[in-house]
Amino acid sequence: MRKRNLFALAFATLIVTATTSPAFGYVLLSPRRRWSSTPVTVRVYNVGNSTISDGDGGVTAVVSAIRAWGIISSSSTSSPAVRGSAPATIMLNSNGGGLCTGNCLAATLTGYYVSQAGDDRIYDADVYTNTSQPLYSSRESGCSGEYDIDSIMTHEVGHVIGIGHSNVSGATMYPSISACNTAPRTLASDDIAAKNDLY
Amino acid sequence: MHRRSLIVMGLLLVLAVPLSASQFVTLPFDQVARESAYVIRGNVEKTWSQWDDAHEIIFTYAMVRVTRYFGETTGPDMLVVREAGGTVGDYTQEAIGFPMLRRGEDVVLMLSRWDDSTDFRIHAFNQGKYLVRDRGGVQVLVEDPVKQGDARLSSPDHGMKDNAIEGPALTIDEFASMVTDARAGIDRPERARQ
């Protein structure tokens, strides 16, 4: 009887522990890499996306949305991305010379030097957008089958700072996104844990 | 038939939750097969990376010896496939979540051309690449679990050694039949439901 009680107690403890401990599912990019200092400067090219009808093609919305990470210094810029050269730049009006077409929504191209010490530093990261996909922003009202640019770019900036994907449904870095889903605009505890792991 | 439907649904589920990716919309298998210029099986004999002319992006080129063309297509014995990302010197550039080709791989690829050139690329990103594996004496096709950003590109095996490949798989005959049907425009009821 006592043995059975002990087993039940152990089982209950296991269940309680499993349900109350934070279940992190994030993955950092491999090899582990990060920017040398924070805040990380991210520019949004001021020529927006023509499918976004919020006045400036999503530029203002994205500048604001990516600050969710807390370590991003963002602003718009009149200079387009220069690949292989900082700062990180988001291009809403370019697919990167054919890089992000077809079923690609957005793509992050990141560059880093390999460190002998195993502490790799991100040197550049630029984000490109498929200009053929239907998109909308937080500065528009309503959604009818478009993808949310605020969510997409908050996710991509996660890659920019060195984070891979999470298996936690509801996290910004969860790998799939559906049309009209705006939840990834808000970081989950899993996303914050990933950021805090790196910075 | 039923087994094939289940396998395809399983593969679609896996592809919808990739290990790492930029963000992609998952396409129906038939669409990917139909849109591809070539659907091939081959061995990656050689890879090399170099900057583009503007020195802005590193591309990796893979020389693939073709051992089979699927569907009605046929073509040369050797194809060069170009994908974004690679290492030149001590600098690595990655297109996070994009597929990559590694020397020595036995692959099945759905290929299309880059918009601005006649070079080939993997069509629909990770949906257009399968690894050929032996399972109990049967050759099957599985999704490549390692994308760019998952492992050091410059490492000899690109992280493949540590990544067991499990999950749903298609036999090559099943795959060939699906490609033939898709390219012929045969829309089977079980696929239409997916």
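A: Let's start with a definition: two residues are in contact if their C-beta atoms, placed from the backbone, lie within 7 Å. Keep in mind that this is a predicted model.

Q: With that in hand, how many residues of chain B are in contact with chain A?

A: On the chain B side there are 33, and they are in contact with 32 residues of chain A.

Q: Which elements of chain B give two or more residues to that side?

A: They are strand 1 (23-24) and strand 6 (91-95) of chain B. Strand 6 of chain B gives the largest share, 5 residues. Sorted by class, the side of chain B that touches chain A has 17 nonpolar, 9 polar and 7 charged residues.

Q: How does strand 5 of chain A pair with strand 1 of chain B, parallel or antiparallel?

A: Strand 5 of chain A, residues 104-113, pairs with strand 1 of chain B in the antiparallel sense, over 2 bridges. To find the place, look for Cys104(A), which stands opposite Phe24(B).

Q: Now a helix, please. What span should helix 3 of chain A have?

A: First the general idea: an α-helix has 3.6 residues a turn, so residues three or four places apart point the same way. Here, helix 3 of chain A has 12 residues (149-160), so at 1.5 Å a residue it should span 16 Å; its end C-alpha atoms are 16 Å apart, which agrees.

Q: Why is helix 3 of chain A said to be largely enclosed?

A: Because 12 of its 12 residues are buried, helix 3 of chain A is largely enclosed by the rest of the structure. Among the buried residues are Ile149(A), Asp150(A), His155(A) and Val160(A).

Technical notes:
Residues numbered from 1 in each chain as written. Chains lettered and ligands numbered in written order. Predicted model: local features only at pLDDT ≥ 70, side-chain atom pairs only at ≥ 80, totals over all residues. Helix = DSSP H or I, 4+ residues; strand = E, 2+ residues; numbered from the N terminus. Nonpolar A, V, L, I, M, F, W, Y, C, P; charged D, E, K, R; others polar. Pairing = 2+ DSSP bridges. Expected span 1.5 Å × (residues − 1). Buried ≥ 20, exposed ≤ 12 C-beta atoms within 10 Å, placed from the backbone.
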